[in-house]
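Biologist: I have a few questions about how some packing terms get applied. Could we go through them together?

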Amino acid sequence: MAAPELKNRSALVTGAGSGIGRAIALKLAELGAQVAVNDLLADAANSVANEIKARGLEAAALPGNVTDVDQVKNMVAGITKKWDKIDILVNNVGITRDALILRMSEDEWDSVIDTNLKSAFLCTRYVLRSMLGLSQGRIVNIASVAGVIGNMGRINYSASKGGLIAFTRSLAAEIGSRNITVNAVAPGIIATKMTVNLPQEAKDAVITRTVLKRMGTPEEVAELVAFLVSDRAGYITGQVINIDGGVT
């Protein structure tokens, strides 16, 4: 029997306590990776880590605020102490604070930009030291179709995800010579806690624009991420891959 595809790889997934992040953490663990489960909420991080361990797989809960540089440093140091290295980084954490621009507060702008974009900068900056030492690595940033086509009433969210896409392309060029790939995944409307509270008419409006006429699932996003962090995707970098059901 062949060894699991990600055996002996260690991965950090941010915002992995629920939704897309949880699905990614579970999938990477299923493929043999040692998974560090980060979430702002300790209970959520512990729940997913325990779910992975209950399947006989390896995980560690690392709750913390990934917009805080000291907490990021400590988290990365904890992972490298436990598993010696970090091969895979999935910058998944994301929040929304929706409002039209004239009604949007400065705090609503700052919190979304910090959580969705600054966190990727901080986590990547400190994880990269491990990857550069290995001369290999995989980084996947979870963006959004809102960062590609915009989204009315979500100017902060769209700006953060558009920034993450530019971050992806720039970083891919910067570190490609070190055998580290960087790609972004841009989901459309996915069935998570983030979308469940949207008005039904808003969800219907998006679903109507998709070729497949349905919402996506976190597990479908996780499958794409799993491919991008595998050896099968070794010649793919600097790309933004939409997973949106064919938004037209």
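This is a predicted model: local features need pLDDT of at least 70, side-chain atom pairs count only at pLDDT 80 or more; totals for chains, interfaces and linings use all residues.

Biologist: Why are α1 and α2 called roughly parallel?

Modeller: α1 and α2 pack at an angle of about 25 degrees, with their axes 10 Å apart. Angles under 35 degrees count as roughly parallel, and therefore α1 and α2 get that label. Their crossing is right-handed.

Biologist: What makes the contact between them, and which residue classes does it hold?

Modeller: From α1 come R22, A25, L26 and A29, and from α2 come V48, E51 and I52. These residues divide into five nonpolar, no polar and two charged. Arg and Glu count as charged, so R22 and E51 are the charged pair in that contact.

Biologist: What makes up the largest nonpolar core?

Modeller: That core has 34 residues, and those with the most contacts inside it are I24, L28, V35, V37, I52 and V225. Two or more residues come from each of β1, α1, β2, α2, β4, β5 and α9. With seven residues, α1 gives the most.

Biologist: Which residues does V225 touch, leaving aside its neighbours within four places in sequence?

Modeller: V225 is in contact with I24, V90, V140, I142 and V185. Apart from this core lies another, of 31 residues, including C123, I139, L164 and A172.

Technical notes:
Residues are numbered from 1 along each chain as its sequence is written. Side-chain values use heavy atoms; hydrogens and water are left out. A nonpolar core is a set of buried Ala, Val, Leu, Ile, Met, Phe, Trp, Tyr and Cys residues joined through side-chain atoms within 4.5 Å. Buried means under 20% relative accessible area, exposed over 50%, partly exposed in between (1.4 Å probe, protein chains only). Helices (H or I, at least four residues) and strands (E, at least two) are DSSP runs, numbered from the N terminus. Contact means heavy atoms within 4.5 Å. Axes are lines fitted to C-alpha atoms, for helices over the stretch in contact, and angles run from 0 to 180 degrees between N-to-C directions. Angles under 35 degrees count as roughly parallel, over 145 as roughly antiparallel, 65 to 115 as roughly perpendicular and the rest as oblique. A crossing is left-handed if the near helix is turned anticlockwise from the far one by less than a right angle, and right-handed if clockwise.
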